[in-house]
Amino acid sequence: MTEAEQEKAPDLNALEQEGEIAADYVEGLLDIADIDGDIDMDVEGDRALVSVVGLKGTELVGPAGEVLEALQELTRLAVHRQMGERSRLMLDVAGYRERRRAELTKHGTEIANQVKDQGEPKALQPMTPFERKIVHDAVAAAGLRSESEGEEPHRYVVVLPA
């Protein structure tokens, strides 16, 4: 591995430490809320992934994943406080993000096909950064370009014809 590749490669130990800090924080929140759930930790690419599994309800996800997004930001802040660096940690609850990833990949592909057929750009509804990334990837896989426009929290994807 060249020196440049080593600089770009994620620090696995740091990502595992982020995951441990995040898991402890989320476990503390679950205890306070008296919610039963197990914590899984993993590293995916250049980010730590912490998942809460075994939940019966969706109260930690909320409508359109809003509670999950807030929990993720709080967890990232807890990690930042201990590590002193910004965290790109991903938090999932009850498989919500994986289901959402599948839905958005399908949606992005369908929209890309519509744009190919009609030759007109198409703007989508506002999405979180996580959701926009999935749509951008699906559109790119379909051979088209996409851009994000607008300001948070109303930032959205526009799919562009070839």
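Over residues 98–162 the chain is 52% helix and 23% strand, with the end C-alpha atoms 29 Å apart; helices (H or I, at least four residues) and strands (E, at least two) are DSSP runs numbered from the N terminus. UniProt, in an unreviewed entry, places the feature "domain: R3H" at residues 98–162, and such annotations, given in the numbering used here with shortened feature names, may be inferred rather than shown by experiment. This is a predicted model, in which local features need pLDDT of at least 70 and side-chain atom pairs count only at pLDDT 80 or more, while totals for chains, interfaces and linings use all residues. Residues are numbered from 1 along each chain as its sequence is written, and side-chain values use heavy atoms, with hydrogens and water left out.

An open sheet of 3 strands has the order β1-β2-β3 with mixed pairing, where two strands pair if DSSP finds at least two bridges between them. Because β1 (38–44) and β3 (90–93) each have a single partner strand, they stand at the edges, and one side of each is left without a neighbour in the sheet.

β1 and β2 run antiparallel and are joined by 7 bridges, with M41 standing opposite V50 in β2. In their hairpin, which has 2 residues between the strands, G45 takes a positive phi near 65°.

β2 (residues 47–53) runs parallel to β3, to which 4 bridges join it; here S51 has D92 of β3 as its bridge partner.
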